[in-house]
Amino acid sequence: MEANKTINSIDEYIVQFPIEVQEILQKIRSVIKESAPEAVEKISYQMPTFYLHGNLVHFAANKNHIGFYPTPSGIATFEQELSEYKSSKGAVQFPKNKPIPYGIISEIVKFRVAENKKKAEAKNKKIK
């Protein structure tokens, strides 16, 4: 990725990588779309992002892994399922040389959708 190039869409982001990485990124994108059909695609922090009542998840290609960023709650809730992967407070790394756990990604996205909807509902009740 060019250091100073501004990315404006997920398509622009994906096309800059080798074809085998593009395929992984497109599959992650489609899994997220299926799991969060109401979410809107955007670029945030120069990464593909899905937004629904706030940021839902981000993902990004790195040299040796695909980064998936479902917020700290997404990581903590699925700690057991993600235990074989390197992770931090709000991120997990899926090595490119191993199968990507698309099923886990789907479950985390569905969790994040429910979480964001619940937060939005609570916020709307406070406003009324």
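## The loops around strand E2

Gln46 lies in the loop that connects E1 and E2. In this predicted model, the phi angle of Gln46 is near 60°, a positive value in a residue other than glycine. Most residues other than glycine have a negative phi.

The loop between E2 and E3 holds His53. The phi angle of His53 is also positive, near 55°, and this residue too is other than glycine.

## The sheet

Six strands form an open sheet with antiparallel pairing, in the order E1-E2-E3-E4-E6-E5. The edge strands are E1 (40-44) and E5 (86-87), each of which pairs on one side only. Strands of a sheet pair through backbone hydrogen bonds, in either a parallel or an antiparallel sense.

Strand E2 covers residues 47-51 and pairs with E1 in the antiparallel sense over five bridges. Within this pairing, Lys42 has Thr49 in E2 as its bridge partner.

## Strand E4 and its two partners

Which strands pair with E4 in the antiparallel sense? One is strand E3 (residues 55-61), which pairs with E4 over four bridges. A hairpin of three residues joins E3 to E4, and Ala61 stands opposite Ile66 in E4. The other is strand E6 (residues 92-95), which also pairs with E4 over four bridges. Here the bridge partner of Gly67 is Gln93 in E6.

Why is strand E4 described as largely enclosed by the rest of the structure? E4 spans residues 65-69, and four of these five residues are buried, so the strand is largely enclosed. His65 belongs to strand E4 and counts as buried because its relative accessibility is 16%, while the limit for a buried residue is under 20%. Leaving aside neighbours within four places in sequence, His65 is in contact with Ala60, Gln93, Phe94, Pro95 and Lys96.

## Helix H2 across the sheet

Helix H2 (residues 19-35) lies across E1, E2, E3 and E4 and runs at about 170° to E3. The helix has 17 residues and reaches 24 Å from its first C-alpha to its last, close to the 24 Å expected at 1.5 Å a residue.

The buried residues of H2 are Val21, Gln22, Ile24, Leu25, Ile28, Arg29, Val31, Ile32 and Ser35. An α-helix has 3.6 residues a turn, so residues three or four places apart point the same way. Among the buried positions of H2, Ile24, Ile28 and Val31 also take part in contacts with Tyr102.

Tyr102 is placed in helix H4 (residues 102-127). With a relative accessibility of 22%, Tyr102 counts as partly exposed. Not counting residues up to four places away in sequence, Tyr102 touches Ile24, Lys27, Ile28 and Val31. Where does Lys27 lie in relation to Tyr102? Lys27 lies over the face of Tyr102, at 5.4 Å from the ring centre. Tyr102 and Pro70 are 32 residues apart in sequence, and their C-alpha atoms are 14 Å apart in space.

Glu115 is also found in helix H4. Is Glu115 buried or exposed? Glu115 is buried, because its relative accessible area is 17% and the limit for a buried residue is under 20%. Not counting residues up to four places away in sequence, Glu115 touches Thr71 and Ser73.

## Aromatic pairs

How many aromatic pairs are found in the whole structure? A search of the whole structure finds four. One of them joins Tyr13 and Phe17 in a tilted arrangement, with 5.2 Å centre to centre and 50° between the planes. Tyr13 is buried, at 3% relative accessibility, and Phe17 is buried as well, with a relative accessible area of 14%.

Phe68, Tyr85 and Phe94 form one aromatic cluster. Phe94 is also among the residues in contact with His65.

Definitions and conventions
Residues are numbered from 1 along each chain as its sequence is written. This is a predicted model: local features need pLDDT of at least 70, side-chain atom pairs count only at pLDDT 80 or more; totals for chains, interfaces and linings use all residues. Side-chain values use heavy atoms; hydrogens and water are left out. Buried means under 20% relative accessible area, exposed over 50%, partly exposed in between (1.4 Å probe, protein chains only). Helices (H or I, at least four residues) and strands (E, at least two) are DSSP runs, numbered from the N terminus. Two strands pair if DSSP finds at least two bridges between them. Contact means heavy atoms within 4.5 Å. Axes are lines fitted to C-alpha atoms, for helices over the stretch in contact, and angles run from 0 to 180 degrees between N-to-C directions. The expected span of a helix is 1.5 Å times one less than its number of residues. Rings of Phe, Tyr and Trp (its six-membered ring) pair if their centres lie within 6.5 Å; planes under 30 degrees apart count as stacked, over 60 as edge-to-face and the rest as tilted. A charge sits over a ring if NZ of Lys or CZ of Arg is within 6 Å of the ring centre and within 35 degrees of the ring normal.
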